Structure formats: C-alpha cells, structure tokens
There are 2 protein chains.
Amino acid sequence: MSKEIVTIAIDAMGGENSPQKTIEGLSIFLQKNKNQNDFFFNLYGDEEKISKELDKQSIKSKNLKIYHTKSIVSDEESPITAVKNSKDSSMWHTINSQIIHNSDISISAGNTGVLFVISRMILKTMKQINKPALAGLWPNKSGTNVVLDLGANIECNENNLVDFAEMGSALYKSLFQDKKPKVSILNIGSEEIKGTETIKKAHSLLKEIAKKGDFEFNGYIEGNKIPDGSSNVIVTDGFTGNVALKTAEGTAKFLTDTLKNIVSENIISKLLISFSYFSLKKFKAKLDPRKFNGAIFLGLNGPVVKSHGSTDSLGFYHAIDLCYKIIKGNLMKEIKVNLSHLDEK
Amino acid sequence: MSKEIVTIAIDAMGGENSPQKTIEGLSIFLQKNKNQNDFFFNLYGDEEKISKELDKQSIKSKNLKIYHTKSIVSDEESPITAVKNSKDSSMWHTINSQIIHNSDISISAGNTGVLFVISRMILKTMKQINKPALAGLWPNKSGTNVVLDLGANIECNENNLVDFAEMGSALYKSLFQDKKPKVSILNIGSEEIKGTETIKKAHSLLKEIAKKGDFEFNGYIEGNKIPDGSSNVIVTDGFTGNVALKTAEGTAKFLTDTLKNIVSENIISKLLISFSYFSLKKFKAKLDPRKFNGAIFLGLNGPVVKSHGSTDSLGFYHAIDLCYKIIKGNLMKEIKVNLSHLDEK
C-alpha cells in the first residue's frame, strides 16, 4: 500500500542558479506527471522570485504552496555556526516543513554540511540508529546500486555498518520494490580473512542478521565489482565511500574527456563520429550523472534528499522524482521494519 | 649519474601463461632496446621450458642467464605458509637474486601476498621505514601519477603516510627526472579541517618536512581530482588506496563496455565507428592498462616489481621496462636521500 499524497518540501533557493533551476526542475516533474494527482509541494524561499519563475514556466498547479523565507544559506557558511545563522533560511524551513507543514520529505541543493547539521537538529536521529548516513545511487550494468555511507561519518564501527545495511536495503526496497536486496561490504578482497577488524566484525554480524530475511548478505565486494550489478546495496564507512564515489566520478570524466579530445583531433573522425550521433547520445544518456542526482540522508526521523549544487534543472528534476518515488515506496516504513529487531534493546 | 648496467631478476614462471608470457615480454624489451647494452637479466624457473621459449623467440642475447628452480608458487598458496613452502620456487630465487646474484631489482607476476612476505623476509625493511608500501602508476591528463599505498597496509598512522610521501616522491623522481614532485594526501575534502585525525597529523608533518625540499606539498586531494594531473604523488592508507584503484578500474571497464555494447547494437553505427578506427585505437592505446602494469614494493632494501598475473606479454614488457627505468633513475639512492633526515634518529 503506497502513500496517497506525497508532500515534498523544496528549498527553492539552494544551489547554483536557483530558484530558476529548482522551479524548472519542478516544471519538468509536473509535465511528466500531469496525469497524476498524488503529490503536493511546499516551496521555501523568496516569494517574489519563486512566483516569477513559476510564471515563466506557466506553472498554474494547485498542488503547491509558497512559504516566504528571508535568507539563504551560503556555500561558505560553516556547519559549526550554521544553526545560529540559518533559522530564517529557506533550507531551515524546508527541513522544518516535516514538523510543521506535514511534508514527507525535504530536498535542497544547498550547502551539504549545513544541511546535514540542520536536518539532524530538527528531525533528530532515529532512536535505533547511532549514526545517520548519506546514501547514493550508482549506475551499474543491470540497473542501480545503493552505496552508503558517502561521507557523513568518516569513522564507523561494525554496528554502524550493520545499520547502514538495514537502512540501505530499506531504501532499495522502497525504490525498486525488491523484497530481498543483496547487501555487500566494500573491502579489498573477497576472502573472509581480508579487511580491518571492524569489517570482519560487521561481516559476522550481517551473516547472522540476514537470517531474519530483510536482505540477502553477499559478503565482501571489491571496488572493481561495484558496476557489475551483483550487489544492490554496498556498505562502507563515509571516508572510503566518499573516496570511491569521487574516484569513480573522476575516472568517468577523464575517460569521456580523453575520448572527446581524441575524436576532435581530426576532422574526418569528428565527421564520422557525428554520424554515430545517436549511439553516442544513447551512451551519454545511459550514464548521465543527472539521472543519479540526489543523495539521501538516512537514519533521521524523516528523509532528506541532497541534490548536487551544480546540477541543472534536469538533474534537480531527477532528485525531486527520487523524493516522490521513495515516499511512494514507503521508505520510512521499510526502515522501521528493518530496524524493528532493535526496538526491544 | 645513472647506473651503468641494470641487472633485473625475472621470475619467469609467475602469473598466467608463463613462461611464454614472461619470455615474450622480455623479447619485446630486447627488440626495443637492441641498440643498448646496459642491462642484464637473471631468469629463474624451469630451465627447459625457459630455453624453449627463448628459442621460439630466437633470443640469442648474451645479456641473460638462466637459473634452474624446481617449484612454482601457486596462486592458492597462503602467505602464512609460503615461507616454509616456497624456498625452491622461482619467486624465492628471483628475490634472493638481489642478495646472491647482484640483481638490482626483482620482478614477478605471481601470487601478490606471497611475493610481499618473501620480499620482506629476504630483503628486509629499510631501517628508516616502519611499513613498506605498494606503489602504482595511474594515467592522468598530462602523464602519470604515483599512488601509494595500494594495499600492503590496511591501517596506517601519520608517520607511515609521511614515509609513503618520501618514498613515492623518490620513485617519481627516478622515473621522470623531476626534481620536485608535487605530493598530496587523498582526502574527502580540500579544507584543512577535513579528514581523520591521522590525516590531519600527516598534513601538518608533511607541511614541515616539505621545507627540506624533497617535494612540494600540495595539501589534500579528492578522488575526482586524481586524473587532472595537479599532483604527482598521492598518499593514502592501503585500504583506501586499494578501494580507489579498483573502483577506478571497474568504472573504466564499465564505461568502455557500455560504449562497446551501444555501438554494436546497430549495424550502421558499428560501421561508422569502424571508420573511426584510428581515433578509437588511439583512445584505447592511450589508456591501455598494460602500459601502467607493474606495482612497486617500496621500503625494502631492494625494489620489487609486481606485474599483474593476468596481463599478457606486452603488459609484462611494460613492467620489465619499469624495472629498467627506475634503476637507471637511481631509485634506491633517491629513497635514501629522501629519508636521510631520519638517519640521525
């Protein structure tokens, strides 16, 4: 049974080129879902600017409401002083929307560190969870992986990794209606003796916990196997996850740039390649990072989606769509089910 | 002043498809350096098989000698029992060659774990170094990076990271005759406050040590910046380095496979792409992993190069060439110079 009306709180001001980008992203969502009526948007930011963008996009939807806010969290704002400085900001109100305006989920393309601190402060960490985590979606041969933590916690113990497995598999279930995702721990070898003590302990804990049926435990996975699609949920500490994510991004960019440069070195190959336009367009479309935009803070009493600050309107649309899908898929309920064995503790 | 005669000990039996691969690799080296006379090879393995391969390649070089050995270290051999089981092996004798046959460097495509244990046992760790490290070469926009550690030490303290910086920059100098390589620490952000305590301590140590002039310290680098060529030497613990390396490999393979599949989906694009053959060949050649084959164990009283077990003869040639270059570039002397400030301790 999925949620009847999904209410999404949008920080209309966060990230580069906002509110133009955020409202254009919303416009794409409304276009693509024009036959649906199961969503509502609470928009936070400068009312005048937002209204202007809504007019530009000819958005006349009844399924949205603007809440005027006075300030914007800058990219330079430190997480340490953010709580004091940001109470009037669009970001703060977007998160607080889950408390006072019945939003199911909040989304922002603003300052990540500040978003994390504010979210934690307002929504509070779930009582069963010690450390909330940042989960991301990675493309693979056969679809999409969930990888977490991507940088919220640079040091993690075995219990944190187990929590990540439970939350990550709940996220995967809500997104893909898969009853039993395959979970692996990122490691430097596939044998049981490999890895740090923390990883080995997490391995034996997950082997046990998998028996209650929330997910299938696949053991260890190495970095080169992430894209082969054999695991749906890949668990790691935030330091390793962040390095892996950025290294993958850098490698992908390096390869495509190199290909582009070589092709444009001579006019004949440039011409011939341009005839293969549709193939290359398909290639680009398949791996378009905008499709995988949106990282999810898990472990708070309400989900928060972080869009890349530098993405464009299409990227922001994908992050809105992600919000919609995980609420339709009952993310919070799935997390609670997965963590229910901890309630007695 | 570079070394007059470079003597390289080759484990002719290690890795898939050896000794055919190793001897073919040697043959490529001899072809490419036929006007040089500044090298000598000590070959270890089954004399009959090696001689047969040398005949097949019509190698009549006087600059080599075969030493017959009785056994081969299998890929399944555990590092724990290896010392007991491998004393007759081609791998053991290849390493021991630096002690008894005046070899400057040893190379093997065999079992990595065993190679590491044997090398450490025979060559011993340098007195200034606490943990030897495995360094690799990564392609980047403008050339090649050195990255270490790639998996020898899963947990490292700040002093280990400093040692890696000294050894990595010595390696870079020996390879590229660059007097002052740029060194960075792999981290999840570029601000000084980011990262683990160990990383922050290494940051302030390296800032100080860089003043003596062995290298320039560039601070932190994130995974996505590795390929941009702004740093020559990238320092990290073996767990993170191994994950980053494998994630980069996996991403590269995923991208090229996806491109290949899309292109071959329809006959027209296949045809058009095949006309762009030279461009794509150039692309492939530029990023050919065989060119970057060969990881270097640093921190022992003699260098050891590990070739990929599954590479082919061209890949093995590149690893032999790497051995030749780093000895010509006086690797061990460069390391000693970089570590000389530790001698008084």
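**Strand pairing and chain contact**

Analyst: In this predicted model, strand β2 (residues 39–45) of chain A pairs with strand β3 (residues 64–68) of chain A in the parallel sense, over five bridges. Within this pair, F41(A) stands opposite L64(A) in β3(A).

User: How is the relation between chain A and chain B to be read, and what rotation superposes them?

Analyst: In general, two copies of a chain are related by a rotation about an axis and a shift along it. Here a rotation of 180° with 0.0 Å of shift along its axis superposes chain A on chain B, with an RMSD of 0.0 Å. That is the relation of a two-fold axis. The same surface serves both copies, as 100% of the contact residues of chain A recur in chain B.

User: How many residues does the contact take from each chain, and which helix gives the most to the side of chain A that touches chain B?

Analyst: The contact takes 42 residues from chain A and 42 residues from chain B. On the side of chain A that touches chain B, α8 (238–263), α9 (267–275) and α10 (277–286) of chain A each supply at least two residues. α8(A) gives the most, with 18 residues.

User: What is the make-up of that side by class?

Analyst: The side of chain A that touches chain B has 21 nonpolar, 14 polar and seven charged residues.

Technical notes
Residues are numbered from 1 along each chain as its sequence is written. Chains are lettered from A and ligands numbered from 1 in the order in which they are written. This is a predicted model: local features need pLDDT of at least 70, side-chain atom pairs count only at pLDDT 80 or more; totals for chains, interfaces and linings use all residues. Two residues are in contact if their C-beta atoms, placed from the backbone, lie within 7 Å. Helices (H or I, at least four residues) and strands (E, at least two) are DSSP runs, numbered from the N terminus. Ala, Val, Leu, Ile, Met, Phe, Trp, Tyr, Cys and Pro count as nonpolar, Asp, Glu, Lys and Arg as charged, and the others, Gly among them, as polar. Copies are superposed by least squares on the C-alpha atoms of residues with pLDDT of at least 70 in both. Two strands pair if DSSP finds at least two bridges between them.
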